[in-house]
Amino acid sequence: MLIAGFPAGAWGTNCYLVAPAAGEECVIIDPGHQAAQGVEEALKKHRLKPVAVVLTHGHIDHVASVVPVCGAHDVPAWIHPEDRYMMADPEKALGRSIGMPLMGELTVGEPDDVKELADGARLALAGLEFSVAHAPGHTKGSVTFQMPETTEIPSVFFSGDLLFAGSIGRTDLPGGDMAEMLDSLTRVCLPLEDSTVVLSGHGPQTTIGQERATNPYLRQAAAGPQDHGVNTDAAPRRGM
């Protein structure tokens, strides 16, 4: 399997291209702010043909390049229905203006073909399988994508802004909720095998085992609501 990732734009949002191998079809995950050029470079380098864009959530730092990328390759974008409005109205999603100079660089709106994600769905795209889990907390429509373990590689988990190396996504923007975030960490992340590779929306690669041992938020989720001894302010939350 081939996974090509790069941080893009003002927020350093990780965009991923996933394919069975070089020279084959691929899926693009979270083409955010200023990601279009990086996507084209990766497609050319690895001789890939995109068949879909899939989105972990609707914040502008993850969807800003959806329209040009989908338009250039005539492919659909998949997003959870509760975050779909953010593609056309990013300022409403943030509860504030993100600034005219930045907005002037963006082509907001929906691509021609939008498909909606559902909890528990299994997407068969580009010869790959992605299991979708609804994981609200950062936004109401946040989702994660998990790829199954094979004899060659461990399971891969695209966590979006749910789980980072040492931290989690922020919960102080419209649609964010810390209780929902902890519930999503409990339901979605804790059952995963320690060997699962975590590729998040921001920052470096990690594993579930590493985060289970060191991430204060995941440890809080594991302890349950009755344990108030974990200081979840120890690691600042990241992302937009």
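How far is the sulfur of Cys 26 from the closest cysteine sulfur, and in which residue does that closest sulfur lie? In this predicted model, the closest cysteine sulfur to that of Cys 26 belongs to Cys 15 and lies 9.5 Å away, which is too far for a bond.

**Cysteines**
- A search of the whole structure finds zero disulfides, and for Cys 26 the reason is distance, because its sulfur is 9.5 Å from that of Cys 15 whereas a disulfide requires cysteine sulfur atoms within 2.5 Å.
- Cys 26 counts as buried, with 0% relative accessibility, and Cys 70 also counts as buried, at 2%.

**Nonpolar cores**
- The largest nonpolar core comprises 26 residues, and those with the most contacts inside it are Leu 17, Ile 28, Val 39, Val 53 and Val 66.
- At least two residues of this core come from each of several elements, including strand E1 (2–8), strand E2 (13–19), strand E3 (25–29), helix H1 (36–46) and helix H3 (66–73).
- When neighbours within four places in sequence are left aside, Val 39 is in contact with Phe 6, Cys 15, Leu 17, Ile 28, Pro 31 and Val 69.
- A second, separate core has 21 residues, among them Val 132, Val 143, Met 147 and Leu 199.

Conventions. Residues numbered from 1 in each chain as written. Predicted model: local features only at pLDDT ≥ 70, side-chain atom pairs only at ≥ 80, totals over all residues. Heavy atoms only, no water. Buried < 20%, exposed > 50% of the residue type's maximum accessible area, 1.4 Å probe, protein only. Core = buried A, V, L, I, M, F, W, Y, C linked by side-chain atoms within 4.5 Å. Helix = DSSP H or I, 4+ residues; strand = E, 2+ residues; numbered from the N terminus. Contact = heavy atoms within 4.5 Å.
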